[in-house]
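Please look at the sequence and the three-dimensional structure that follow, and keep both in view while reading the report.

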Amino acid sequence: MIPVVAFDDAIALIAFAVLFSISRAIASPNVSISILDVLVIPLLEIVLSLALGAALGFLVSFGCRFFKSRANRMIMAITAILVVVGLTILSSQQNWQFWGINFNFSALLGCMMIGTIFINMRSDASLTIERLDHFTPPLYMLFFVISGASLNITIFASNIGILVAIVASIYVVMRCVGKWLGAYVSSKATNADPKVQKYLGFTLFPQAGVAIGLSTTANQVFSSMGLQKEADLILAVILTATIVYELVGPVITKIALTKSGDIPSSKPQKVSA
(Lines give C-alpha, C1' and ligand atoms only; values in the text may rest on other atoms or scores of the structure.)
Protein backbone atom coordinates (compact mmCIF):
# COMPACT_ATOMS: atom_id res chain seq x y z
CA MET A 1 0.00 0.00 0.00
CA ILE A 2 2.71 2.50 0.97
CA PRO A 3 4.72 2.27 -2.31
CA VAL A 4 1.48 2.56 -4.30
CA VAL A 5 0.49 5.71 -2.39
CA ALA A 6 3.95 7.25 -2.87
CA PHE A 7 3.95 6.48 -6.60
CA ASP A 8 0.39 7.77 -6.85
CA ASP A 9 1.47 11.08 -5.31
CA ALA A 10 4.41 11.36 -7.70
CA ILE A 11 2.18 10.80 -10.73
CA ALA A 12 -0.31 13.34 -9.34
CA LEU A 13 2.43 15.98 -9.07
CA ILE A 14 3.60 15.35 -12.63
CA ALA A 15 0.05 15.37 -14.04
CA PHE A 16 -0.71 18.55 -12.11
CA ALA A 17 2.33 20.33 -13.58
CA VAL A 18 1.17 19.53 -17.12
CA LEU A 19 -2.56 20.15 -16.70
CA PHE A 20 -2.09 23.27 -14.59
CA SER A 21 0.04 24.83 -17.31
CA ILE A 22 -2.74 24.12 -19.80
CA SER A 23 -5.32 25.61 -17.43
CA ARG A 24 -3.31 28.79 -16.96
CA ALA A 25 -2.88 29.14 -20.71
CA ILE A 26 -6.62 28.72 -21.28
CA ALA A 27 -7.51 31.12 -18.46
CA SER A 28 -5.10 33.82 -19.63
CA PRO A 29 -6.99 36.37 -21.74
CA ASN A 30 -5.79 37.09 -25.27
CA VAL A 31 -3.08 34.44 -25.03
CA SER A 32 -2.87 31.72 -27.65
CA ILE A 33 -2.06 28.20 -26.49
CA SER A 34 1.18 26.78 -27.87
CA ILE A 35 3.20 23.59 -27.54
CA LEU A 36 5.62 25.58 -25.41
CA ASP A 37 2.89 26.35 -22.85
CA VAL A 38 1.26 22.93 -22.65
CA LEU A 39 4.24 20.63 -23.03
CA VAL A 40 7.72 22.16 -22.90
CA ILE A 41 7.30 24.38 -19.83
CA PRO A 42 5.63 21.76 -17.58
CA LEU A 43 8.11 19.06 -18.65
CA LEU A 44 10.97 21.45 -17.96
CA GLU A 45 9.53 22.16 -14.52
CA ILE A 46 9.23 18.44 -13.81
CA VAL A 47 12.75 17.57 -14.98
CA LEU A 48 14.44 20.47 -13.19
CA SER A 49 12.50 19.85 -9.96
CA LEU A 50 13.45 16.17 -10.01
CA ALA A 51 17.08 17.06 -10.77
CA LEU A 52 17.18 19.58 -7.92
CA GLY A 53 15.64 17.10 -5.49
CA ALA A 54 17.98 14.34 -6.62
CA ALA A 55 21.05 16.56 -6.19
CA LEU A 56 20.01 17.63 -2.69
CA GLY A 57 19.06 14.07 -1.76
CA PHE A 58 22.51 12.93 -2.85
CA LEU A 59 24.15 15.71 -0.80
CA VAL A 60 22.19 14.74 2.31
CA SER A 61 23.09 11.08 1.80
CA PHE A 62 26.74 11.95 1.27
CA GLY A 63 26.75 14.19 4.33
CA CYS A 64 25.52 11.32 6.46
CA ARG A 65 28.92 9.69 5.98
CA PHE A 66 30.47 12.43 8.08
CA PHE A 67 27.62 13.31 10.47
CA LYS A 68 26.55 10.32 12.52
CA SER A 69 24.20 11.88 15.05
CA ARG A 70 20.48 11.85 14.27
CA ALA A 71 20.21 15.55 15.15
CA ASN A 72 22.79 16.60 12.56
CA ARG A 73 21.24 14.37 9.92
CA MET A 74 17.82 15.84 10.65
CA ILE A 75 19.26 19.35 10.27
CA MET A 76 20.68 18.43 6.86
CA ALA A 77 17.34 17.02 5.73
CA ILE A 78 15.46 20.12 6.88
CA THR A 79 18.03 22.38 5.21
CA ALA A 80 17.54 20.53 1.91
CA ILE A 81 13.77 20.98 2.18
CA LEU A 82 14.14 24.71 2.87
CA VAL A 83 16.50 25.07 -0.11
CA VAL A 84 13.87 23.55 -2.42
CA VAL A 85 11.12 25.75 -1.00
CA GLY A 86 13.30 28.87 -1.22
CA LEU A 87 14.34 28.20 -4.82
CA THR A 88 10.69 27.53 -5.72
CA ILE A 89 9.65 30.91 -4.34
CA LEU A 90 12.57 32.72 -6.03
CA SER A 91 11.93 31.07 -9.39
CA SER A 92 8.27 32.13 -9.32
CA GLN A 93 9.01 35.70 -8.24
CA GLN A 94 12.01 36.43 -10.47
CA ASN A 95 10.93 34.61 -13.65
CA TRP A 96 13.98 32.40 -13.96
CA GLN A 97 14.80 31.09 -17.42
CA PHE A 98 16.42 27.97 -18.80
CA TRP A 99 17.54 28.34 -22.43
CA GLY A 100 15.22 31.33 -22.76
CA ILE A 101 12.18 29.49 -21.32
CA ASN A 102 10.57 30.68 -18.09
CA PHE A 103 10.14 27.97 -15.49
CA ASN A 104 9.23 27.39 -11.86
CA PHE A 105 10.41 24.65 -9.53
CA SER A 106 7.85 22.36 -7.90
CA ALA A 107 8.52 22.29 -4.17
CA LEU A 108 6.40 19.18 -3.65
CA LEU A 109 8.07 17.22 -6.45
CA GLY A 110 11.55 18.36 -5.41
CA CYS A 111 11.04 17.41 -1.77
CA MET A 112 9.58 14.04 -2.73
CA MET A 113 12.71 13.36 -4.80
CA ILE A 114 14.94 14.26 -1.84
CA GLY A 115 13.24 11.60 0.24
CA THR A 116 13.36 9.04 -2.58
CA ILE A 117 17.09 9.44 -3.13
CA PHE A 118 17.89 9.60 0.57
CA ILE A 119 15.94 6.50 1.57
CA ASN A 120 17.41 4.45 -1.29
CA MET A 121 21.04 5.54 -0.80
CA ARG A 122 21.23 5.10 2.96
CA SER A 123 20.38 1.84 4.70
CA ASP A 124 20.03 3.76 7.96
CA ALA A 125 17.84 6.54 6.51
CA SER A 126 14.80 5.25 8.38
CA LEU A 127 16.36 6.46 11.65
CA THR A 128 16.45 10.04 10.34
CA ILE A 129 12.93 9.77 8.90
CA GLU A 130 11.71 8.46 12.24
CA ARG A 131 13.22 11.48 14.01
CA LEU A 132 11.60 13.84 11.50
CA ASP A 133 8.25 12.23 12.25
CA HIS A 134 8.50 13.45 15.85
CA PHE A 135 8.23 17.13 14.99
CA THR A 136 6.12 17.06 11.81
CA PRO A 137 2.64 16.75 13.45
CA PRO A 138 2.55 20.47 14.44
CA LEU A 139 3.61 21.38 10.89
CA TYR A 140 0.83 19.22 9.48
CA MET A 141 -1.64 20.92 11.79
CA LEU A 142 -0.38 24.37 10.76
CA PHE A 143 -0.63 23.36 7.10
CA PHE A 144 -4.26 22.32 7.47
CA VAL A 145 -5.12 25.45 9.47
CA ILE A 146 -3.62 27.74 6.82
CA SER A 147 -5.31 25.78 4.03
CA GLY A 148 -8.65 25.93 5.80
CA ALA A 149 -8.21 29.66 6.38
CA SER A 150 -8.01 30.07 2.60
CA LEU A 151 -11.49 28.63 2.16
CA ASN A 152 -14.11 31.29 1.55
CA ILE A 153 -17.20 29.64 3.05
CA THR A 154 -19.47 32.32 1.63
CA ILE A 155 -19.06 30.52 -1.67
CA PHE A 156 -21.56 27.92 -0.43
CA ALA A 157 -24.18 30.65 0.00
CA SER A 158 -23.52 32.14 -3.43
CA ASN A 159 -24.91 31.15 -6.79
CA ILE A 160 -22.18 28.57 -7.33
CA GLY A 161 -22.71 26.90 -3.95
CA ILE A 162 -24.80 24.17 -5.58
CA LEU A 163 -22.11 23.78 -8.25
CA VAL A 164 -19.50 23.19 -5.55
CA ALA A 165 -21.67 20.52 -3.93
CA ILE A 166 -22.33 18.76 -7.24
CA VAL A 167 -18.72 18.86 -8.43
CA ALA A 168 -17.42 17.73 -5.02
CA SER A 169 -19.93 14.83 -4.92
CA ILE A 170 -18.99 13.66 -8.42
CA TYR A 171 -15.31 14.04 -7.59
CA VAL A 172 -15.62 11.96 -4.41
CA VAL A 173 -17.53 9.14 -6.11
CA MET A 174 -15.44 8.99 -9.26
CA ARG A 175 -12.14 9.15 -7.37
CA CYS A 176 -13.18 6.23 -5.15
CA VAL A 177 -14.33 4.22 -8.16
CA GLY A 178 -11.10 4.98 -10.00
CA LYS A 179 -8.91 4.10 -7.02
CA TRP A 180 -10.61 0.77 -6.38
CA LEU A 181 -10.97 -0.21 -10.04
CA GLY A 182 -7.40 0.75 -10.91
CA ALA A 183 -5.98 -1.17 -7.95
CA TYR A 184 -8.14 -4.22 -8.68
CA VAL A 185 -7.42 -4.39 -12.42
CA SER A 186 -3.66 -3.83 -12.03
CA SER A 187 -3.27 -6.29 -9.16
CA LYS A 188 -5.38 -8.83 -11.07
CA ALA A 189 -3.21 -8.38 -14.17
CA THR A 190 -0.03 -8.95 -12.15
CA ASN A 191 -1.46 -12.00 -10.34
CA ALA A 192 -1.11 -10.33 -6.96
CA ASP A 193 -2.34 -11.98 -3.79
CA PRO A 194 -6.16 -12.26 -3.77
CA LYS A 195 -6.24 -10.15 -0.61
CA VAL A 196 -4.38 -7.39 -2.44
CA GLN A 197 -6.80 -7.58 -5.36
CA LYS A 198 -9.80 -7.34 -3.07
CA TYR A 199 -8.73 -4.77 -0.48
CA LEU A 200 -5.91 -2.59 -1.85
CA GLY A 201 -8.26 -0.16 -3.59
CA PHE A 202 -10.14 0.57 -0.38
CA THR A 203 -6.93 1.58 1.42
CA LEU A 204 -6.32 4.32 -1.19
CA PHE A 205 -9.48 6.30 -0.38
CA PRO A 206 -8.01 8.78 2.17
CA GLN A 207 -6.80 12.09 0.73
CA ALA A 208 -5.07 15.01 2.41
CA GLY A 209 -1.62 16.57 2.05
CA VAL A 210 -0.73 16.49 -1.65
CA ALA A 211 -4.25 17.28 -2.86
CA ILE A 212 -4.60 20.23 -0.50
CA GLY A 213 -1.12 21.48 -1.37
CA LEU A 214 -1.85 21.39 -5.10
CA SER A 215 -5.28 22.99 -4.72
CA THR A 216 -3.76 25.74 -2.57
CA THR A 217 -1.15 26.38 -5.26
CA ALA A 218 -3.88 26.57 -7.92
CA ASN A 219 -5.90 28.90 -5.69
CA GLN A 220 -2.97 31.28 -5.21
CA VAL A 221 -2.03 31.37 -8.89
CA PHE A 222 -5.57 31.90 -10.16
CA SER A 223 -6.13 34.56 -7.51
CA SER A 224 -3.03 36.42 -8.71
CA MET A 225 -4.48 36.25 -12.23
CA GLY A 226 -7.66 37.96 -11.09
CA LEU A 227 -9.72 34.76 -11.36
CA GLN A 228 -10.92 34.77 -7.75
CA LYS A 229 -14.16 32.90 -8.42
CA GLU A 230 -12.34 30.03 -10.13
CA ALA A 231 -9.70 30.01 -7.38
CA ASP A 232 -12.35 29.77 -4.66
CA LEU A 233 -14.19 27.03 -6.56
CA ILE A 234 -11.09 24.82 -6.84
CA LEU A 235 -10.22 25.12 -3.16
CA ALA A 236 -13.82 24.68 -2.02
CA VAL A 237 -14.25 21.46 -4.02
CA ILE A 238 -10.99 19.89 -2.84
CA LEU A 239 -11.38 20.86 0.83
CA THR A 240 -15.01 19.71 0.87
CA ALA A 241 -14.01 16.38 -0.66
CA THR A 242 -11.07 16.07 1.75
CA ILE A 243 -13.38 16.43 4.74
CA VAL A 244 -15.46 13.54 3.42
CA TYR A 245 -12.40 11.43 2.65
CA GLU A 246 -10.79 12.01 6.03
CA LEU A 247 -14.00 11.20 7.90
CA VAL A 248 -14.74 8.00 5.99
CA GLY A 249 -11.41 6.97 4.41
CA PRO A 250 -9.44 5.98 7.52
CA VAL A 251 -12.35 3.86 8.76
CA ILE A 252 -12.60 2.05 5.43
CA THR A 253 -8.82 1.59 5.34
CA LYS A 254 -8.79 0.05 8.81
CA ILE A 255 -11.63 -2.31 7.90
CA ALA A 256 -9.83 -3.37 4.70
CA LEU A 257 -6.52 -3.97 6.51
CA THR A 258 -8.33 -5.91 9.24
CA LYS A 259 -10.22 -8.13 6.80
CA SER A 260 -7.02 -8.78 4.84
CA GLY A 261 -5.31 -9.93 8.03
CA ASP A 262 -2.59 -7.27 7.98
CA ILE A 263 -3.64 -5.83 11.33
CA PRO A 264 -5.26 -7.76 14.17
CA SER A 265 -8.97 -7.49 14.73
CA SER A 266 -10.01 -5.25 17.62
CA LYS A 267 -12.74 -7.71 18.59
CA PRO A 268 -11.98 -9.69 21.78
CA GLN A 269 -11.06 -13.26 21.12
CA LYS A 270 -13.16 -16.00 22.67
CA VAL A 271 -11.26 -18.18 25.09
CA SER A 272 -12.26 -21.82 25.01
CA ALA A 273 -12.64 -23.60 28.29
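Which residues does serine 49 touch, not counting residues up to four places away in sequence? Serine 49 touches Asn104, Phe105, Ser106, Leu109 and Gly110 when residues up to four places away in sequence are not counted, where contact means heavy atoms within 4.5 Å.

## About the model

The model is predicted, so local features need pLDDT of at least 70 and side-chain atom pairs count only at pLDDT 80 or more, whereas totals for chains, interfaces and linings use all residues. Residues are numbered from 1 along each chain as its sequence is written, and side-chain values use heavy atoms, with hydrogens and water left out.

Serine 49 has its place in helix α2, which covers residues 35-63; helices (H or I, at least four residues) are DSSP runs, numbered from the N terminus. Serine 49 counts as buried because its relative accessibility is 1%, and the terms used here are buried for under 20% relative accessible area, exposed for over 50% and partly exposed in between, with a 1.4 Å probe and protein chains only. A polar atom of the side chain of serine 49 lies 2.7 Å from the backbone nitrogen of serine 106, and serine 106 is also one of the residues that serine 49 touches. Such a polar contact is a pair of N or O atoms within 3.5 Å; within protein, one must be able to donate a hydrogen and the other to accept it, and residues adjacent in sequence count only if both atoms are side-chain atoms.

Serine 187 lies in helix α6, residues 161-189, and with 4% relative accessibility serine 187 counts as buried. Its side chain has a polar atom 2.6 Å from the backbone oxygen of alanine 183. If residues up to four places away in sequence are left out, serine 187 touches Ala192, Val196 and Gln197.

## Cysteines and arginine 122

A disulfide is a covalent bond between the sulfur atoms of two cysteines. With a disulfide taken as a pair of cysteine sulfur atoms within 2.5 Å, the structure holds zero disulfides. Cysteine 64 is in no disulfide, and the nearest cysteine sulfur, that of cysteine 111, is 16 Å away. Cysteine 64 is buried, with a relative accessible area of 1%, while cysteine 111 counts as partly exposed at 24% relative accessibility.

Cysteine 64 is also among the residues touched by arginine 122, which contacts Ser61, Cys64, Arg65 and Arg73 when residues up to four places away in sequence are not counted. Arginine 122 is found in the loop between α4 (107-121) and α5 (125-149), and arginine 122 counts as buried because its relative accessibility is 17%.

## Aromatic rings

The structure holds eight aromatic pairs. Rings of Phe, Tyr and Trp (its six-membered ring) pair if their centres lie within 6.5 Å, and planes under 30 degrees apart count as stacked, over 60 as edge-to-face and the rest as tilted. Phenylalanine 16 and phenylalanine 20 have ring centres 4.9 Å apart and planes at 15°, so this pair is stacked. The two residues are separated by about one helical turn because they are four residues apart in helix α1, residues 2-27. Phenylalanine 16 is partly exposed, with a relative accessible area of 22%, whereas phenylalanine 20 counts as buried at 9% relative accessibility.

The rings of tryptophan 180 and tyrosine 184 are also stacked, because their centres are 5.2 Å apart and their planes are at 5°. Both residues lie in helix α6, four residues apart, about one turn of the helix. Tryptophan 180 counts as partly exposed at 29% relative accessibility, and tyrosine 184 is partly exposed with a relative accessible area of 30%. Trp180 and Tyr184 form one aromatic cluster together with Phe202 and Phe205.

## Charged side chains

Side chains of opposite charge can pair when their charged atoms come close. A search of the whole structure finds one salt bridge, a term that means a side-chain nitrogen of Lys or Arg within 4 Å of a carboxyl oxygen of Asp or Glu. In this salt bridge the side chains of lysine 179 and aspartate 8 meet at 2.4 Å, N to O. The pair links distant parts of the chain, for lysine 179 is in helix α6 and aspartate 8 is in helix α1, 171 residues apart. Lysine 179 is buried, with a relative accessible area of 14%, whereas aspartate 8 is partly exposed, with a relative accessible area of 31%.
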